[in-house]
Amino acid sequence: MVGAFIGARAFHIFFERPGFYFQYPSFIFKFWYGGFVFYGGFFTAFLLCLLLCKKRDYDYRAYADLFAPVLALGYSIGRLGCLCAGCCFGRPTELPWGVIFPQGVEAPPGIPLHPTQIYSSLWELAVFATLLILERRATFKNKKGGLFGLWLILHAIGRSLVEQFRGDFRGATPFNLSLSTWLSALALALGLYMFNLKRNKNASTAS
């Protein structure tokens, strides 16, 4: 949890608004004003947990599977918090379900915006339900890391789709793609590796 907090904050400071924090360094520690990046927290926590499991000779794949549904549900709830705070908002839209935010939040007030927070929350809630159903199947019980890999794959796909509707500023966008889109590609690659890891070992054993 400590690693996730530090990583999420660090990614926001160094990748999203480095100019602001260089000018006002005291705000680095004023985290109650917001400013966290999910992927920064996730990858930092994942690496630290991996190192801890290696040090204590734990099977990190079993722990990863244990936390997969928790991550999905936590992310879904967290995005509802973003909706209430008016952050992580979407682009302007004329669709009937556009959300209009009031004055005093980060989102531009008075105009309908894509409810990207709701998109993310509903997607991840569906992922959570999928993981709960599949974790009882023999296929996933016998394939450590598979459930976590599947979460990464589904999360990365959903995040990449929602990114197309985001309208908030989050730093530089190489090739017109946000940092979170690039990190989603990394998460997808890691998910595919985790999902196929046990299957490949089983195939080698069977042959």
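Me: Which residues of α5 are buried?

Reply: In this predicted model, the buried residues of α5 are Thr-116, Gln-117, Ser-120, Ser-121, Glu-124, Val-127, Phe-128, Leu-131 and Leu-134.

Me: What makes them lie on the same side of α5?

Reply: It comes down to the arc they cover around the axis, which is only 155°, so they sit on the same side of α5. The face turned away from that buried side carries the exposed residues Leu-122 and Ile-133.

Me: And what do the buried residues of α5 pack against?

Reply: Their packing partners are α4, α6 (138-141) and α7.

Me: Let's move to α7. Why is Arg-159 called buried?

Reply: The cut-off for buried is under 20% relative accessible area. Arg-159 has 6%, so it is buried. You will find Arg-159 in helix α7, residues 146-163.

Me: What is Arg-159 in contact with, leaving aside its neighbours within four places in sequence?

Reply: Its contacts are Phe-38, Tyr-39, Tyr-75, Arg-79, Arg-166, Arg-170, Ser-180 and Ser-184. With Ser-180 there is also a polar contact, side chain to side chain, at 2.9 Å. The cut-off for such a pair is within 3.5 Å, so 2.9 Å qualifies.

Me: Is Arg-61 buried or exposed?

Reply: Buried, because its relative accessible area is 11% and the limit is under 20%. Arg-61 belongs to helix α4, and its side chain makes a polar contact with the side chain of Asp-59 at 3.1 Å.

Me: Now the cysteines. How many disulfides does the count come to?

Reply: The count comes to zero. Take Cys-53: the closest cysteine sulfur, in Cys-49, is 6.5 Å from its own, too far for a bond, since a disulfide needs the two sulfur atoms within 2.5 Å. Cys-84 is in no disulfide either, as its nearest cysteine sulfur, that of Cys-82, is 9.3 Å away.

Me: Which of the two, Cys-53 or Cys-84, is buried and which is exposed?

Reply: Cys-53 is buried, because its relative accessible area is 9%, and buried means under 20%. Cys-84 has 69%, so it counts as exposed, for which the cut-off is over 50%.

Me: What is the phi of Asp-57, and where is Asp-57 found?

Reply: Asp-57 has a positive phi of about 60° although it is not a glycine. It is found in the loop between α3 (38-56) and α4 (60-85).

Me: How confident is the predictor, going by the mean pLDDT of the chain?

Reply: The mean pLDDT is 89, and 95% of the residues reach 70 or more. Over residues 200-207, however, pLDDT stays under 50, and there the model has two contacts beyond four places in sequence.

How values were computed: Residues numbered from 1 in each chain as written. Predicted model: local features only at pLDDT ≥ 70, side-chain atom pairs only at ≥ 80, totals over all residues. Heavy atoms only, no water. Helix = DSSP H or I, 4+ residues; strand = E, 2+ residues; numbered from the N terminus. pLDDT = per-residue confidence, 0-100. Contact = heavy atoms within 4.5 Å. Buried < 20%, exposed > 50% of the residue type's maximum accessible area, 1.4 Å probe, protein only. Polar contact = N/O pair within 3.5 Å; in protein donor to acceptor, adjacent residues only side chain to side chain. Arc of directions from axis to C-beta.
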